[in-house]
Amino acid sequence: MNGVPIKREDIKAGDRFTVTHWYTASVDLTTNVDTDATYELIERPVVLPVVPGVYEDSKSNLWRLHFGSEDVPQEWTLNDAFVTDQVARQYAPFKPLRPVAEVAAEVLADVRKNLSARVAFMADIDAIETKWVKS
């Protein structure tokens, strides 16, 4: 087959796959159906992001997804060129890139939550937050 071997439990909705059953004839013209099947993934649908933002593709190219016009509800930009979803699918998967301030705020909130007993340390967190989050 031309597919990629896959476990039965890893098959997701929308996947195209083949199932191969191996039978051993116990006598002429009869089969024993109590054998295991093997699965091969042929195609998995690509799910594109729908939230506007900056994304990195599988080859580390930066893409920008933004709202388009009424005819095209979303548009991709790669190197200042508009690209369709059909072309973008060829570069999937996409990983969202988050602003430093957003990530810093999340990390510092976790630090505050987990180290709130150390009051002297909190002043240092305030200084870091001023530099990275509130700038």
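Reader: How accessible is Leu97, and what does it count as?

Author: Buried means under 20% relative accessible area, exposed over 50%, and partly exposed in between, with a 1.4 Å probe and protein chains only. Leu97 counts as partly exposed because its relative accessibility is 35%. The model is predicted: local features need pLDDT of at least 70, side-chain atom pairs count only at pLDDT 80 or more, and totals for chains, interfaces and linings use all residues. Residues are numbered from 1 along each chain as its sequence is written, and side-chain values use heavy atoms, leaving out hydrogens and water.

Reader: Where does Leu97 lie, and which residues make a nonpolar surface patch with it?

Author: Helices (H or I, at least four residues) and strands (E, at least two) are DSSP runs, numbered from the N terminus. Leu97 lies in strand S8, residues 95-97. A patch is made of residues with over 30% relative accessible area and no salt bridge; like charges are joined within 9 Å, and nonpolar side chains (Val, Leu, Ile, Met, Phe, Trp, Tyr) within 5 Å. Here Val54, Leu62 and Leu97 make a nonpolar patch of about 240 Å²; accessible areas come from the Shrake-Rupley method.

Reader: How is a pair of aromatic rings described?

Author: Such a pair is described by the distance of the centres and the angle of the planes. Rings of Phe, Tyr and Trp (its six-membered ring) pair if their centres lie within 6.5 Å; planes under 30 degrees apart count as stacked, over 60 as edge-to-face and the rest as tilted. The structure holds six aromatic pairs. Trp63 and Tyr91 form a tilted pair, because their ring centres are 5.2 Å apart and their planes stand at 55°. This pair links distant parts of the chain, 28 residues apart: Trp63 is in strand S5 (residues 62-67), and Tyr91 is in the loop between helix H1 (85-88) and S8. Trp63 is buried at 1% relative accessible area, whereas Tyr91 is partly exposed at 24%. Trp76 and Phe94 form a stacked pair, with 4.8 Å from centre to centre and 25° between the planes. Both Trp76 and Phe94 are buried. One aromatic cluster is formed by Tyr55, Trp63, Trp76, Tyr91 and Phe94.

Reader: Which residues make up the largest nonpolar core?

Author: In soluble globular proteins, nonpolar side chains tend to be buried together. A nonpolar core is a set of buried Ala, Val, Leu, Ile, Met, Phe, Trp, Tyr and Cys residues joined through side-chain atoms within 4.5 Å. The largest one has nine residues: Leu48, Tyr55, Trp63, Leu65, Trp76, Leu78, Val83, Ala88 and Phe94. S5 and S6 each supply at least two residues of this core.

Reader: How many salt bridges does the whole structure have?

Author: A salt bridge is a side-chain nitrogen of Lys or Arg within 4 Å of a carboxyl oxygen of Asp or Glu. The search finds five salt bridges. In one of them, Lys95 and Glu56 have their closest N and O atoms 3.1 Å apart. This pair links distant parts of the chain, with Lys95 in strand S8 and Glu56 in strand S4 (residues 53-56), 39 residues apart. Lys95 is partly exposed at 48% relative accessible area, while Glu56 is buried at 19%. Arg98 forms a salt bridge with Glu102, at 2.8 Å between the closest N and O atoms. Salt bridges that share partners join Arg98, Glu102 and Glu106 into one network.

Definitions and conventions
Accessible areas come from the Shrake-Rupley method with a 1.4 Å probe; for residues, only the protein chains shown count as cover.
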